[in-house]
Each structure stands twice: as structure tokens, then as C-alpha cells.
Amino acid sequence: MIRTILVATHGSKGAVEAERCALDLAATHDAELHALYVIHKGWGSLVGIEWLHSSEKRMDFYRYAEAELYKMADAALGKFVQRAAACGVKVTTSVRVGDPGEVILSEARERGSDLIVIGDACKGRSEEYKAKINVGKLLRSAPCSVLQAKVLARGKDTALTGEACASRLQGIAQG
Amino acid sequence: MNEERKSPVTLIIGLILLAYALILRSQNESLTPTGLVAVAEYLKTGKTIGTQISVGLWSGIIISLVGIWNLAVPAMTSKFDKLVRAPMAGIGMIMILAYVTRYYMEPIFKIWGKQAQPMLGFDMASVFGLNYILLGILLGIVWVNTIGIPGWMQAGVKTARLAMKVGVITLGAMYSITELKYLGGLSIVMVATFVMGTSLFVLWLGKLAQAERPLIGVLSAGLGVCGVSAAVAAAPVVKARGVDMAYSIGMLLLVGVVGLFVFPPVAKMVGMNELQFGAWAGTGILNSAQVAAAALIFDPNTIETLKVAEIFNITRILFLPFIVIVLAVWFAKGEEEAEKGKVSIGKVLIDKFPLFVLGFLIMFAFSSTGIFTPKGMELHGKHFYKFKIDEKKEVRTRDLKKISAFLETGAVTDPKVKAALGKLVADRQITSAEQTDLVLKAQDFTKEKDLKAAFKEADKLVQAKPATMEMMREYMMWFFAFGLIGLGMQITWQTLRQAGGKAAMIGVVAGITKATLSFFVCWLLIKGSI
């Protein structure tokens with residue numbers, strides 16, 4: 001029985017597919033849905049080589065970048081909440097900073113999630129910080145089942161139902 | 001109390017440095033070279049043993065004492081704790097890496113380079129600049145991308161920025177007024193052309209590629225002025241989004257790293273001199289930290305290339321606030337009416353001005369007063385001179401006879417040069433700064449190698465090496481080596497991976513164009529040396 005679902009999202013094509021999948025499953029199982037947006041910790045070392053400015057000025061930049069990233073996170077989560085509302089699914093959201101794989105695991109443990117839904121790393125232009133989740137590690141350490149939503153080739157039907165989504169299950173159930 | 005704070009790692013690192021210095025000192029006192037001294041003899045680093053011992057002893061003592069303090073009082077709450085005690089383990093570790101690269105890896109590569117020369121046809125260590133600066137950066141890059149930076153090292157790695165600034169500020173003491181005037185003039189012309197040219201080129205290229213305006217703005221500053229630092233300064237002004245910053249910074253870092261490894265061997269292959277390469281690196285390499293690194297990779301033994309490159313670097317840094325203002329105006333033009341007129345020129349000028357440049361200028365001003373040099377010594381051109389009549393500074397009689405005979409031939413047509421040579425013959429030594437220039441200029445009137453050598457020798461005899469300046473130079477090199485290893489540890493594969501999309505295309509085109517054009521300008525148009 002799936003009662004609580006945790007979906008990781010950041011607005012990319014792969015993540016949107018994960019959102020769809022999570023929405024279908026939540027609707028089918030009448031489960032609680034929580035959307036997690038992880039701001040990659042790599043942002044913190046993006047300008048590591050910069051040395052000309054004072055630490056105060058560098059902090060100003062980080063504050064600006066942080067505000068922008070939270071704006072981006074809020075926008076992505078806002079869209080998802082709207083989509084969920086249209087499907088009649090209630091969703092809670094949170095934004096956290098860290099290594100995506102580690103944060104997803106800790107959030108799933110804290111929330112006692114029954115299923116984690118993640119997206120597939122897609123080829124092509126990404127609008128996000130480029131970093132892949134170590135899926136193998138996630139599967140090994142996950143406290144529940146993990147589902148990785150697959151992005152289909154252009155032209156194929158991507159509107160998933162709970163059953164269709166389950167048939168594309170790539171994750172391995174654990175524990 | 002946090003277990004991590006109780007870590008004995010600072011003390012261990014301090015003791016390693018101390019033990020190394022003590023072992024080296026005891027073995028150095030022995031008549032026959034043994035142990036580390038024998039290794040140093042084999043690696044031809046025997047002359048550096050004194051420095052190795054003194055730096056090792058002092059740093060070892062300080063780091064060990066801080067290590068004991070950290071164990072006794074683990075909590076770090078004050079600003080002093082965070083600024084001094086917390087980074088000490090990382091500082092010590094980078095110093096160990098600096099020792100390894102400077103005194104062991106570089107000499108080994110030198111030996112291998114010579115051994116492989118008959119097979120390769122060239123000295124790979126010399127051509128690829130495999131010296132302690134390059135090896136230190138490489139070690140830093142490999143370290144961060146393999147084992148990563150452990151928690152106890154992180155605060156120390158961050159001090160690399162301060163080390164770079166201290167290095168540049170100290171460098172301020174090494175310029176003479178003549179040099180600064182000449183290099184300043186040259187750099188303003190070159191940098192103004194290339195900074196403005198590249199920034200405008202990127203604006204045009206971005207429009208052509210139909211890139212987003214914030215992305216174009218960040219790239220224009222980064223590619224035009226000083227890489228990641230300029231991108232950081234421009235991002236809030238052009239309202240860059242997260243993706244714009246990630247793409248631009250990743251690309252700037254990538255193009256900069258490629259430039260760092262490509263510039264020195266290319267310059268060596270075409271036979272650029274220190275002035276040409278310093279000017280090229282200071283104009284064409286994107287990130288300002290990499291300018292210093294490239295100059296030291298090209299010429300690690302003297303600081304002449306570094307002096308040229310840093311003047312160019314500082315000049316372009318001074319352009320940064322102006323470029324930010326231009327970009328702010330450009331960006332506001334494309335925005336809603338409400339966003340216009342929000343640029344405060346005065347605020348941007350103050351905000352974006354890197355304060356350490358003032359330190360550099362103050363150091364230059366102090367040095368010009370002669371406080372770092374003993375009485376009677378003066379910096380002229382790139383050397384210090386002492387013009388007190390001294391028998392030890394007399395030119396050999398046989399050389400004086402040659403100069404005298406040369407004067408009689410009437411080959412010297414410049415009356416000032418003629419008078420300077422006449423005075424040299426009469427005094428048997430050079431007695432003023434102006435006379436050194438004129439005696440060296442006399443080389444233009446002859447093709448005889450012996451005579452040219454005699455003029456150079458007369459100049460060399462009055463050159464002096466002030467102990468304070470020599471010491472400052474040595475410590476400055478340590479600061480740069482330390483800073484560059486630390487900055488190498490900030491070049492992560494994860495950041496380089498961010499390069500992509502239109503930013504990568506614009507960056508590669510503009511970066512290569514700037515590097516190529518500045519190469520030809522420096523190689524073909526800049527003549528002479530400093």
C-alpha cells in the first residue's frame with residue numbers, strides 16, 4: 001500500500017515526467033504527495049577560483065545567487081502545485097540544499113515515505129545545475145521503493161496513468 | 001563539544017613540517033651528504049636547503065603550537081579562532097604540497113625532461129613548463145577531484161585567496177618608476193582595446209546566437225575583463241538567473257584552464273620574451289589567478305614575466321567597474337521603463353573596486369621611498385644598483401682597454417653614449433643610473449660579442465642584491481605557490497561540467513579570438529624587454 005510519496009523535482013524534462021508519474025500514483029492510491037526541490041550544494045563552490053573581491057563582496061554574490069535559486073525553486077514547485085490541484089491531488093512542498101541523492105534519502109526517512117519518485121537524466125539542454133544523482137547508491141540506501149520515471153522519445157504518449165507508470169518502473173523495491 | 005574540533009590533525013601536520021626541517025638541518029651539518037641532503041644534491045636543490053629549513057622550522061613551530069591550542073581549547077567561537085586557528089591544518093597541508101612540488105617534483109621532472117630529450121627532440125619539462133607552479137595547480141586539481149577536500153582542510157584552502165592578494169601586494173615593491181610608467185602605458189592601450197573589443201564582440205555574438213540578455217551580460221564581463229571575478233561582479237547588475245551563472249562560470253573556468261596549459265608552451269615554441277609573454281598572458285588569459293600562474297609557469301626563476309603580467313592584470317581589473325557600468329546601462333535599455341535609471345555610477349565604482357590594488361600601489365610607493373633597501377641602493381630598470389666608488393666594482397683592465405679603443409674608432413655617434421663610455425674608462429666603473437642605460441645602449445654601436453659582454457659586465461658589477469628585497473621575493477614566491485595550489489583545489493570537474501549551451505559556443509569563439517589576436521599583437525608589435 002502506497003500512502004506517502006516523495007517526488008524529487010527541479011523543473012527539468014526528466015523531473016516533469018517524475019511529477020506526472022507521482023501525480024498519477026498519488027491519485028490512484030489516494031496517497032499523500034510531497035514534492036522536494038534540492039538546490040545542489042555545488043552552487044556553493046561555483047566561484048571558488050574567484051579571489052579578487054573581498055569576502056563581503058563574494059557573500060553579496062552568494063546572497064544574490066541564493067535568492068535567484070530559491071526563486072527558481074519556488075517557480076518550479078508552484079507550477080507543480082497548480083498541476084496537482086488540477087488533478088485534484090493535494091501536495092506539500094519543501095526546498096533543501098545539499099547533495100540531491102543524500103537529501104532525497106534523508107527527506108524520505110524523515111517523512112517515512114513509501115515511495116520515492118525521481119526523474120531520468122535527459123539529454124539536451126538543461127535549465128538546471130548539471131549533476132546526476134547516483135541512482136545505484138540511492139537504490140541501495142533507500143528506505144523504501146524507488147521509481148525512476150522514463151522520458152519517452154518524442155511523439156510517444158507521455159501522459160501516464162498509474163498503471164502505465166508502474167509498467168515503466170525502473171526502480172528496485174527495497175526493505 | 002564537537003569531535004571534529006578535537007582533531008589532532010593540525011598538530012600532526014605541524015610536527016611533520018618541524019620534523020622535516022630538523023632532520024634536514026641535522027643531515028646538513030654532516031660532512032658527507034646523507035639522507036635528505038643526498039637527495040637534494042641529486043635533485044640539484046642543495047642551494048635551497050637553507051630556505052627549506054627556515055620555512056619548515058617557523059611554519060612547523062607555529063602550526064604545532066596552534067595544533068596544541070586546538071586540542072586544549074577545541075571550541076572555536078571568536079573571529080580570531082575562525083581566521084587563524086581553524087585554517088591552520090589546511091595551511092600546513094598546502095605547505096607540505098608546496099614543498100613536495102617545489103623541491104621534489106619539479107627537479108624530478110627537470111631530470112626526466114633532460115633524459116627524454118634525445119628521444120623526444122625537445123626538453124618536455126621546459127617546453128610544457130612542468131615547474132612547481134604548474135605541478136602545484138595540477139596536484140590541487142587532482143586532489144579536489146579525487147579525494148576531495150576534507151572538512152579540516154576547507155578553511156585553510158580558502159586562505160589561498162588571501163595568499164594571492166599578499167603575493168600581488170608584495171610584488172608592488174619590486175617595480176621601479178621607469179618600469180611602472182612604461183608597462184602602465186603599454187597595458188592601458190592593450191587592455192583598453194581588448195577589454196572593450198571583447199565585451200562588445202560578445203554583446204554582438206550573443207545577439208547573433210539569440211541568447212538571453214542576462215547570459216550575454218555575464219559573458220561579456222567575464223570574457224572581456226577578468227573571468228569568473230568579472231562574472232561575479234556583473235551577475236546581479238544584469239539580473240542573471242541561476243542557469244546563466246552556472247553556464248557562464250563553468251565556461252569561463254574551462255576556457256581559462258585550457259589557456260593556462262596552452263599559453264606557456266606556445267610562447268616557448270615561438271620564442272616570446274618575458275615582456276611579450278607577460279603582455280599576452282595579462283591580456284588573453286581569462287581568469288586573473290591564471291594570469292599569475294601562466295607567468296610563473298613560463299618563467300619560474302625570475303619575476304620579470306610576473307611583473308609584466310600582473311601590471312596588465314591589474315590594469316584590466318581597474319576596468320571592471322567601468323565595464324559593469326556600461327553593462328548596467330546596456331541591460332537597463334532592454335528592460336521595462338521602471339528599471340531604468342537605477343544605476344548609481346559612484347556606488348558601482350566603489351563597490352566593484354578591488355581594494356587590494358590599493359595595497360599594491362601603497363607597497364610600490366613605500367618601495368619608491370627606498371625603505372626596503374639599504375642606504376645608497378636604488379632600483380633602476382629591473383635591477384638594484386649601488387653607485388658608491390668601490391674597487392670591487394671596477395671593470396677589468398683588458399675590458400677597459402677594449403672600450404677605450406672602441407671609443408677611438410669613432411663608431412659611437414651619440415654624444416651622450418660617448419661621454420658615458422669616456423667616464424666609465426676614467427672612473428673604471430659606472431657611477432650613476434643614467435650611465436648604466438647609456439653604457440648598455442652602447443651595445444647598439446657594435447657587433448663585437450666581447451665588447452657587448454664588457455658593457456653588460458660593467459652594468460652587472462654595480463648591480464646589488466638588497467637582503468630585504470631578496471627575502472620579500474622569496475616569501476612572495478611562497479605566497480603565489482601556496483595561493484595557486486589552493487586555487488587549483490577550487491577547480492572542480494563539477495564546475496567545469498556546467499559549461500554548455502550557448503554560453504559554451506560564445507565563450508569558445510570569443511575566448512579563442514581574444515587569445516589569438518592578442519598573441520599576434522604581442523608577438524609581432526611588442527619589441528624589446530623591460
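These exercises work through a predicted model with chains A and B.

**Exercise 1. Fold content of chain A**

Task: State how many helices and strands chain A has, and in what pattern they follow along the sequence.

Solution: 
- Step 1. Count the elements. Chain A holds five helices and five strands.
- Step 2. Read them along the sequence. The pattern is β-α-β-α-β-α-β-α-β-α.
- Step 3. Turn to burial. Of its 175 residues, 48% count as buried.
- Step 4. Look at contact range. Among chain A contacts with a separation of 6 or more, 78% join residues 24 or more positions apart.

**Exercise 2. Overall form of chain B**

Task: Work out how the radius of gyration of chain B stands against the globule rule.

Solution: 
- Step 1. Note the elements. Chain B contains 25 helices and three strands.
- Step 2. Along the principal axes, the C-alpha atoms fill a box of roughly 80 × 60 × 50 Å.
- Step 3. Check burial. Of the 530 residues, 55% are buried.
- Step 4. Check contact range. In chain B, 79% of the contacts with a separation of 6 or more link residues 24 or more positions apart.

**Exercise 3. Surface and charge of chain B**

Task: Describe the accessible surface of chain B and its charged side chains.

Solution: 
- Step 1. Take the area. The accessible surface is about 23600 Å², with 66% belonging to carbon and sulfur atoms.
- Step 2. Count charges. There are 53 positive and 36 negative side chains.
- Step 3. Locate the two sets. Their centres lie 3 Å apart.

**Exercise 4. An aromatic pair**

Task: Classify the pair formed by Phe122(B) and Phe128(B) as stacked, tilted or edge-to-face.

Solution: 
- Step 1. Start from the search. Over all chains, 19 aromatic pairs are found.
- Step 2. Take the geometry of this pair. Phe122(B) and Phe128(B) lie 6.0 Å apart, centre to centre, with 75° between the planes.
- Step 3. Apply the cut-off. Planes over 60 degrees apart count as edge-to-face, so the Phe122(B)–Phe128(B) pair is edge-to-face.
- Step 4. Phe122(B) is partly exposed at 31% relative accessible area. Phe128(B) is also partly exposed, at 40%.
- Step 5. Look beyond the pair. One aromatic cluster in chain B includes Phe263(B), Trp280(B) and Trp523(B).

**Exercise 5. The setting of Ala209(B)**

Task: Decide whether Ala209(B) is buried or exposed, and find its contacts.

Solution: 
- Step 1. Ala209(B) sits in the loop between helix 10 (177-208) and helix 11 (213-224) of chain B.
- Step 2. Apply the cut-off. Buried means under 20% relative accessible area. Ala209(B) has 16%, so it counts as buried.
- Step 3. List contacts, leaving aside neighbours within four places in sequence. They are Lys502(B), Met505(B) and Ile506(B).

**Exercise 6. Positive phi**

Solution: 
- Step 1. Recall the background. Most residues other than glycine have a negative phi.

Terms used:
Residues numbered from 1 in each chain as written. Chains lettered and ligands numbered in written order. Predicted model: local features only at pLDDT ≥ 70, side-chain atom pairs only at ≥ 80, totals over all residues. Heavy atoms only, no water. Helix = DSSP H or I, 4+ residues; strand = E, 2+ residues; numbered from the N terminus. Rg over C-alpha atoms; globule rule 2.2 N^0.38 Å. Buried < 20%, exposed > 50% of the residue type's maximum accessible area, 1.4 Å probe, protein only. Contact = heavy atoms within 4.5 Å. Areas by Shrake-Rupley, 256 points an atom, 1.4 Å probe, with all protein chains shown as cover. Lys, Arg positive; Asp, Glu negative; His and termini not counted. Charge placed at Lys NZ, Arg CZ, Asp CG, Glu CD. Phe/Tyr/Trp six-rings, centres within 6.5 Å; stacked < 30°, edge-to-face > 60°.
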